[in-house]
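I opened this structure today with a notebook beside me. These are my entries, in the order I made them.

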Amino acid sequence: MKAAVMYQRGGMPQYVDFPEPVAQKNELLIFMKAAAIKQLDRSMASGRHYSVQNDPEQATIIGGDGVGVLENGTRVYAVGATGMIAEKAVIEKDRMVPLPSGIDDVTAAALPNAVFGSAMGLRFRACMKKGETVLINGATGFTGKIAVQVAKYYGAKRIIVTGRNKQTLQSLLALGADEIITLEQEDEAFVAQIKAIHNRTPIDIILDYLWGHTAELILSAFKGQGMFTYKTRFVSIGSMAGDLIQLSAENLRSVDLQLTGSGLGSWTKPEVQELLKKILPEMFKLAAAGKLKVETVSVDLKDIASLWDLDIPGGQRLVVTI
């Protein structure tokens with residue numbers, strides 16, 4: 001079969017012939033139709049992601065999830081037991097979601113990772129309630145744009161978003177954002193704007209896709225002055241601006257702050273089951289009905305070597321069709 005294979009960490013995947021996978025007990029063979037290329041896939045293929053740092057280096061089919069058809073004709077989204085950017089793959093029986101008829105393969109392949117990176121943080125780490133105010137730091141990427149819509153769907157009263165791309169920031173207003181904050185300003189001005197918003201409309205939840213310096217600035221904006229403070233839940237999801245921050249102990253002690261992360265390894269088995277049984281099916285139905293906007297760029301499997309590092313602007317998701 002044809003597949004996108006990474007032979008060396010940090011290299012480029014190649015479009016080559018590769019042995020077909022064989023399903024074992026509690027596994028199924030799937031004929032692949034589409035698979036998204038995400039930052040997670042690139043990080044894992046390079047060996048930088050914490051989930052693969054101790055794995056041996058060997059020829060590996062890339063891609064962790066995707067959309068395909070089972071041997072009985074059922075079309076599903078699934079998480080792979082083998083690499084998914086290939087003509088065939090193997091999946092675990094309990095890690096798939098049947099797809100509604102109204103959603104196309106490309107959209108269905110693009111959406112789930114962004115749901116992982118938004119709904120899981122909102123539901124299980126922030127324990128979001130209707131009527132709360134949500135700040136999304138780094139909202140101009142694909143997952144950030146989905147997060148705006150998911151937060152709105154879950155009943156956020158007010159949504160504040162940050163980002164660098166001015167045009168994309170403006171487009172978030174149409175998706176449900178109420179206020180935008182550009183990261184293209186001086187640190188003092190950025191912190192002052194966060195403080196003013198928090199004083200005016202206390203921020204309940206922060207979804208952070210950047211970490212690094214912007215997270216330091218946001219946390220400093222919440223530093224208290226020895227009086228009672230408003231409880232804020234800060235959920236770290238991505239680290240596009242850097243993996244490390246400096247955090248003052250005074251900052252932590254002076255404010256009622258819950259600091260947590262949402263990602264692979266942080267979710268419980270019941271939470272993952274709810275994701276597969278309830279959350280993802282619900283989001284697929286919303287997308288099928290046109291109530292969840294998903295922007296994609298689709299490319300063919302045979303072009304994998306030339307598109308691996310392709311820069312996709314405006315918060316779109318790159319999807320490989322097979």
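The entries below go from strands to helices and end on a single residue.

**Entry 1: the model.** I noted at the outset that this is a predicted model.

**Entry 2: strand E1.** I began with strand E1, residues 2-6. Is it enclosed or open? I found 4 of its 5 residues buried, so E1 is largely enclosed by the rest of the structure. Then I looked up its partners. E1 pairs with strand E2, residues 14-17, in the antiparallel sense, and I have 4 bridges for that pair. Within E2, Tyr-15 stands opposite Ala-4. E1 also pairs with strand E4, residues 60-61. That pair is antiparallel too, and 2 bridges join it. Here Met-6 faces Thr-60 of E4 as its opposite residue.

**Entry 3: the parallel sheet.** Next I traced an open sheet of 6 strands. What is the strand order? I wrote down E10-E9-E8-E11-E12-E13, with parallel pairing. The edges are strand E10 (179-182) and strand E13 (257-261), each of which pairs on one side only. Neighbouring strands of the sheet are turned by 15° against each other on average, direction ignored. I then picked one pair to look at. Ile-206 has Phe-234 in E12 as its bridge partner.

**Entry 4: helices on the sheet.** Which strands does H4 touch? I listed strand E8 (133-137), strand E9 (158-163) and E11. The direction of H4 makes about 170° with that of E9. Helix H6, residues 187-200, packs on the sheet as well. H6 touches E8, E9, E10 and E12. Its direction makes about 160° with that of E10.

**Entry 5: helix H4 itself.** I checked the length of H4. Its 12 residues, at 1.5 Å a residue, should span 16 Å. The end C-alpha atoms are 17 Å apart, which agrees. Is H4 mostly covered or mostly open? It is mostly covered, with 10 of the 12 residues buried. Among the buried ones I noted Phe-142, Lys-145, Ile-146, Gln-149 and Val-150. After H4 comes Gly-155, which has a positive phi near 100°.

**Entry 6: H2 against H4.** I compared helix H2, residues 105-116, with helix H4, residues 142-153. Their axes come within 9 Å and cross at roughly 75°. The two helices are therefore roughly perpendicular to each other. Which residues make the contact? From H2 I have Ala-110, Leu-111, Asn-113 and Ala-114. From H4 I have Phe-142, Thr-143 and Ile-146. Sorted by kind, the residues of this contact are 5 nonpolar, 2 polar and no charged. Phe-142, Thr-143 and Ile-146 are also on the list of buried residues of H4.

**Entry 7: Lys-278.** My last stop was Lys-278, which lies in helix H9, residues 269-288. How accessible is Lys-278? Its relative accessibility is 48%, so it counts as partly exposed; the exposed class begins over 50%. Leaving out residues up to four places away in sequence, I found that Lys-278 touches Arg-123 and Gln-273. I also checked Lys-278 against Val-76. They are 202 residues apart in sequence and 15 Å apart in space, C-alpha to C-alpha.

Notes: Residues are numbered from 1 along each chain as its sequence is written. This is a predicted model: local features need pLDDT of at least 70, side-chain atom pairs count only at pLDDT 80 or more; totals for chains, interfaces and linings use all residues. Side-chain values use heavy atoms; hydrogens and water are left out. Buried means under 20% relative accessible area, exposed over 50%, partly exposed in between (1.4 Å probe, protein chains only). Two strands pair if DSSP finds at least two bridges between them. Axes are lines fitted to C-alpha atoms, for helices over the stretch in contact, and angles run from 0 to 180 degrees between N-to-C directions. Angles under 35 degrees count as roughly parallel, over 145 as roughly antiparallel, 65 to 115 as roughly perpendicular and the rest as oblique. Contact means heavy atoms within 4.5 Å. Ala, Val, Leu, Ile, Met, Phe, Trp, Tyr, Cys and Pro count as nonpolar, Asp, Glu, Lys and Arg as charged, and the others, Gly among them, as polar. The expected span of a helix is 1.5 Å times one less than its number of residues.
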